[in-house]
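Subject: A structure for you to look at

Hi,

Here is the structure I promised to hand over. Please have a look at it first, and then read on for what I found.

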Amino acid sequence: MAYYSINEWQDEDCYLVCATSKVTIDGVPCTTTITGHVTKRLETVEQHTKESVRFREHPVETRIHVMKRQDQLFVRKAIVEKNEEIHVDTFSYKCSQLQGFISESANLLVLRVMARRQLVPQDAIFLTFDTEQHICTSTYDTLGLQKQQVGKEEVDVFVIERAVHPVDEIPLNCQFYFLSDGHLSRSIQIGSPAIMVILQTPVLIELDVPDPRPVFGKILLDWEEDPQLYSMFLDRKEELEASHATYVRRHPELPALLADFLQLLLLRKPDDVVTFAAEFFGPFSAQNPPCRSFQSSDKPSPFRSRV
């Protein structure tokens with residue numbers, strides 16, 4: 001992860017993607033370098049691509065700079081010979097036209113995620129640039145698990161094929177072979193004599209297993225011996241007593257009602273105190289129709305079960 005400064009006041013949290021490939025074709029060294037900043041939404045904010053062909057007396061480089069500013073994506077492509085730009089093309093696209101756009105930097109992230117999951121979604125179609133930096137479509141497909149010889153060892157690899165579909169040209173197909181941890185082990189461009197492979201098995205990246213959550217035993221706490229807890233208890237006790245006293249003062253009918261109930265309870269001395277209390281306070285309920293309390297001692301009570 002890296003922070004990319006969009007302007008003097010705003011930073012973007014991005015993935016910093018760096019990739020380099022070196023091949024030799026007919027004795028001519030060729031190097032491709034990609035450096036890009038890609039957001040978590042797979043939007044490319046800036047990317048530098050350099051492709052160099054090192055002829056002995058005539059080195060040629062193709063430099064492509066992609067940069068997002070405001071609501072536009074600017075592309076500058078320069079052909080350089082002997083450190084002099086001999087041809088420059090510039091393009092600009094509105095970001096509203098680039099919904100689902102995947103640059104070469106973002107493509108490396110997409111491939112890595114698919115390889116780690118060993119899953120390519122159906123109908124995986126994105127926008128991208130062709131070799132002339134024109135908008136076209138790219139598709140992804142899986143060729144499944146295969147075997148690959150790396151040194152003296154045979155390993156399992158997950159193969160993904162990516163096809164770039166220019167408007168007026170034939171598709172450009174590339175196959176990418178990945179180890180179980182996402183390491184790229186082989187790359188083939190269909191129709192090209194160059195094949196990139198690793199010569200030895202790298203140390204595989206192991207998934208981080210989170211440590212188990214610590215378990216803390218319950219500690220018996222004697223709050224009466226703790227000065228702070230005991231002080232909090234006394235403060236809360238005084239607060240409740242003051243609140244209760246205020247409530248009773250505001251409702252003078254409460255002591256009279258409780259006194260009547262206790263007086264009748266002591267006179268009757270019922271065996272079932274709970275049912276007696278329900279019969280006493282029942283007429284005060286707003287859900288019952290108004291009536292005289294205890295009109296008849298023989299009247300059946302709704303609080304007593306019938307046998």
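The secondary structure of the protein chain consists of four helices and 13 strands. Please keep in mind that this is a predicted model. Of the 307 residues in the chain, 27% are buried. The accessible surface of the chain is about 22,500 Å², and carbon and sulfur atoms account for 54% of that area. As for contacts, if you take those between residues at least 6 apart in sequence, 34% of them join residues at least 24 apart.

Let me start with a pair of helices. Two packed helices are described by the angle between their axes and the distance between the axes. Here the pair is α3, covering residues 253-268, and α4, covering residues 273-281; their axes come within 11 Å and cross at roughly 135°. That angle makes α3 oblique to α4. The crossing of the two helices is right-handed.

Which residues of α3 and α4 meet? On the α3 side they are L257, D260, F261, L264, L265 and R268, and on the α4 side V273, F276, A277, F280 and F281.

K269 has a positive phi of about 50° although it is not a glycine. With a relative accessibility of 63%, K269 counts as exposed.

You will find N83 in the loop between β6 (72-81) and β7 (84-94). Is N83 buried or exposed? Its relative accessibility is 73%, so N83 counts as exposed.

Another loop residue to look up is Q133, located between β8 (124-129) and β9 (135-150). Q133 has a relative accessibility of 8%, and because buried means under 20%, Q133 counts as buried. Which residues does Q133 touch, leaving out those up to four places away in sequence? They are I64, V75, K77, F91 and Y93. The C-alpha atoms of Q133 and R76 are separated by 9.1 Å, and these two residues are 57 apart along the chain.

Next, a residue in a strand: T20 is part of β2, which covers residues 11-25. T20 is exposed, with a relative accessible area of 53%. Setting aside residues up to four places away in sequence, T20 touches T31, T32 and T33. The C-alpha atoms of T20 and K50, residues that are 30 apart along the chain, are separated by 9.6 Å.

Finally, back to a helix. V248 is found in α2, which covers residues 227-250. At 37% relative accessibility, V248 counts as partly exposed. Again leaving out residues up to four places away in sequence, V248 touches L254 and P255. Both of these fall within the range of α3, residues 253-268.

Methods
Residues are numbered from 1 along each chain as its sequence is written. This is a predicted model: local features need pLDDT of at least 70, side-chain atom pairs count only at pLDDT 80 or more; totals for chains, interfaces and linings use all residues. Side-chain values use heavy atoms; hydrogens and water are left out. Axes are lines fitted to C-alpha atoms, for helices over the stretch in contact, and angles run from 0 to 180 degrees between N-to-C directions. Angles under 35 degrees count as roughly parallel, over 145 as roughly antiparallel, 65 to 115 as roughly perpendicular and the rest as oblique. A crossing is left-handed if the near helix is turned anticlockwise from the far one by less than a right angle, and right-handed if clockwise. Contact means heavy atoms within 4.5 Å. Buried means under 20% relative accessible area, exposed over 50%, partly exposed in between (1.4 Å probe, protein chains only). Accessible areas come from the Shrake-Rupley method with a 1.4 Å probe; for residues, only the protein chains shown count as cover.
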